[in-house]
2 protein chains.
Amino acid sequence: MDKFMQAAIAEAKLGLSEGGIPIGSVIVHKGKIIGRGHNRRIQSGSPTLHGEMDALENAGRQSAATYRESVLYTTLSPCSMCSGAILLYGIPKVIVGENSTFLGEEELLAARGVEVEVVHNQQCIELMQNFISSSPELWNEDIGE
Amino acid sequence: MDKFMQAAIAEAKLGLSEGGIPIGSVIVHKGKIIGRGHNRRIQSGSPTLHGEMDALENAGRQSAATYRESVLYTTLSPCSMCSGAILLYGIPKVIVGENSTFLGEEELLAARGVEVEVVHNQQCIELMQNFISSSPELWNEDIGE
């Protein structure tokens, strides 16, 4: 498996080990991870730090040029907030672990010119299936339902 | 002026007084402010805490039902990230201070059924005009340009 998707899955598992929602993300610039993160709803009481947002936050302030040469890896299809952040910063490519447990705004991203690749990773699917079945109320809260 | 837009402007001014980008936001549920915030790019080195995101973050974890009865006030037209957050949580109404210095994703919000009202507030316009003319590089960074 791609080492960057492996790193995103490691973040998801780290989140799970903290009692959190198992979604992870890394941002890669020119072959190097510049930000990594995972969903922090439970751990930090945060409604905004989805995995992708946490990776962006941990990358810190970057130039527009850097974002436009970056690839975002996420274990789960990005929701409207995270997709909006991808559009804000003009990140041109997103690699998605899976979109079978949740389908985010892939269509909007593609319509705005973002390359979206879904790798249908079995580990990503199982992490979410297990979490959703054990904590449906937390999952619904995370996606505003 | 609407007291909630006044509160959003007070947040924008607070951000400016901290050396930050003067954009503020409040979230109102049943006539009560449940979250307030302002852009924290400079103060916290944050690429994700726009005013609206900071207000959402400070509101903390809320139920879907609460978001769906809330109104978000923001001094500036919401960018794609903040608009995505509004869509994620199903906030049905957004009051925008101004959209003449920056036009965000109002069209997308409206297409998804969000009521968007722009009040063309002169204080909001002046705060942004002054900031953009004095610190264009910070402003461009904030909108990924």
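Chain B meets chain A through 34 residues on the B side and 34 on the A side. Keep in mind as you read that this is a predicted model.

**Between chain B and chain A**

- About 2,700 Å² of area is buried between chain B and chain A, with carbon and sulfur atoms giving 54% of that area.
- Four salt bridges are counted between chain B and chain A.
- One of them pairs Glu105(B) with Arg112(A), where the closest N and O atoms are 2.8 Å apart.
- On the side of chain B that touches chain A, the elements giving two or more residues are H2 (41-44), H3 (51-59), H4 (64-67), H5 (80-88) and H8 (136-142), each a helix of chain B.
- H5(B) supplies the largest share of that side, six residues.

**Helix H7 of chain A**

- H7(A) covers residues 122-134, and its 13 residues should span 18 Å at 1.5 Å a residue; the end C-alpha atoms are 18 Å apart, so the two agree.
- Which residues of H7(A) are buried? They are Cys124(A), Ile125(A), Leu127(A), Met128(A) and Phe131(A).
- Because these buried residues fall within an arc of 160° when seen down the axis of H7(A), they line one face of the helix.
- Their packing partners in chain A are helix H1 (3-17), strands S3 (70-76) and S4 (93-98), and helix H8 (136-142).
- Asn130(A), Ser133(A) and Ser134(A) are exposed on the other side of H7(A).

Terms used:
Residues numbered from 1 in each chain as written. Chains lettered and ligands numbered in written order. Predicted model: local features only at pLDDT ≥ 70, side-chain atom pairs only at ≥ 80, totals over all residues. Heavy atoms only, no water. Helix = DSSP H or I, 4+ residues; strand = E, 2+ residues; numbered from the N terminus. Expected span 1.5 Å × (residues − 1). Buried < 20%, exposed > 50% of the residue type's maximum accessible area, 1.4 Å probe, protein only. Arc of directions from axis to C-beta. Contact = heavy atoms within 4.5 Å. Buried area = accessible area lost by both parts, 1.4 Å probe. Salt bridge = Lys/Arg side-chain N within 4 Å of Asp/Glu carboxyl O.
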